[in-house]
Amino acid sequence: MVERNLNLDNAVDYHYGKFPVKELDYKKLLEPLVKATDALARYDQMLKNMHNSEILLAPLRRQEAVISSRMEGTISTMDEILQYEADQIDGEKENKNYRSEVGETFLYHHSMLAAQEYLLDDRPIDKWFVRELHKRLLSFGRGARKNPGEFKTEQNYLADETRRRVLFKPISPEHLMQGLDNLFEYLDESNDQILIKTALSHVEFEALHPFKDGNGRIGRMLITLLLWRSGVISEPHFYISGYLEEEKDEYIGRMREVSKSGAWTDWCIFFFETLENQANRNLYIAEEIETLYEEMKVVFRELTSTQWHIQALDYIFAKPVFRNSSFTKDSGIPIETAKRITRLLSEQELLVTIEEASGRKPALYSFEPLMKLVRV
């Protein structure tokens, strides 16, 4: 943010000349690093064994979008995001008055998808990449007025807005390019263990704060993308914002201490504890989703008595809020069979009707067994 009339008395300044880090206390880092590594390995083993992680974990990507955006003051709910997405697919979006925050959060999910598709071709994570990611993320709503895809040209601040108090003064615009060059050179050339590299690059990116807005969201996206690109996780499905939101004060405090007192080791310990806790949480909810999927496989088969039950199940798990017209058109199931499936699921209250069909407008459904697991 760029603000006037803020109290700068206790603001911490960026750590000029201190990155890349010269020394870490590896004895202190060893135990939390091992615990984080083990937790991530258990989570990744689940990803490898999962029937179709892209389908089953799709709702968690929306959940991450909601929480990460909420940390920056963009408030929306899972239900709003999924309803928005359903209307986007069906062409009904223009007929409803969605809040701009919902569209902004929706862009987080799609920006992440675009980023992983780009990186599949082994392209680099560099200045161009983060600019393009930022351009997508802020292409709608309030963000569109905050220079999407352009690095900052004015000094920005991290502030406690309620008290009009600056917490941190990021790198100045005239030093930003050199700071970014140092960061991406470190990512390309450092031999640091990957979790250490991810920890240090995250706090450095946030300290650079290279954009006028959206830095926190971009920074948290990069955590997942770095873990995936390095092979720590086999799929880009790691959702870190839940724990960081709960520990937001410590998260910000630890980052400030890096610049204030050179507390790089303490930051890394906090970051590893975050990875460990979030990996365990992600593992738990992913196992809950997979268990539900296996249970619903039986229910759908017995209830629908059709060879299309798995196709229906996969569609509904990937899109737990959907318009009936999209299901009949996009699921690949014969139209009359698709209509019968939604009717049977509605009768058993597995699908809850959010909006009744009216005229040409198709019904809007929510698959409640899954929504109960992923609502935030």
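Predicted model: local features only at pLDDT ≥ 70, side-chain atom pairs only at ≥ 80, totals over all residues.

Visitor: OK. How many residues does α5 have, and how far does it reach?
Guide: Helix α5 (residues 100-119) has 20 residues. From first C-alpha to last it reaches 29 Å, close to the 28 Å expected.

Visitor: Is α5 enclosed or open?
Guide: Largely enclosed by the rest of the structure, because 15 of its 20 residues are buried. Buried here means under 20% relative accessible area.

Visitor: Switching to the core. Which residues touch the most other members?
Guide: The largest nonpolar core has 113 residues. Tyr-43, Phe-129, Trp-267, Phe-272, Leu-275 and Phe-317 touch the most other members.

Visitor: Which helix gives the most to this core?
Guide: Helix α12 (residues 264-304), with 17 residues.

Visitor: And what is Tyr-43 in contact with?
Guide: Leaving aside neighbours within four places in sequence, its contacts include Leu-57, Ile-233, His-237 and Phe-238. Tyr-239, Ala-279, Asn-282 and Leu-283 are also among them.

Visitor: Now the sheet. What's the strand order?
Guide: β4-β6-β5, in an open sheet of three strands with antiparallel pairing. β4 (321-323) and β5 (351-355) are at the edges with a single partner strand each, so one side of each has no neighbour in the sheet. The twist averages 30° from one strand to the next.

Visitor: How many bridges join β5 to β6?
Guide: Four, and the two strands run antiparallel. Leu-351 stands opposite Phe-367 in β6.

Visitor: Which helix packs on the sheet?
Guide: Helix α15 (residues 335-347), touching β4, β5 and β6. Its direction makes about 100° with that of β5.

Technical notes. Residues numbered from 1 in each chain as written. Heavy atoms only, no water. Pairing = 2+ DSSP bridges. Axes fitted to C-alpha atoms, helices over the stretch in contact; angles between N-to-C directions. Contact = heavy atoms within 4.5 Å. Expected span 1.5 Å × (residues − 1). Buried < 20%, exposed > 50% of the residue type's maximum accessible area, 1.4 Å probe, protein only. Core = buried A, V, L, I, M, F, W, Y, C linked by side-chain atoms within 4.5 Å.
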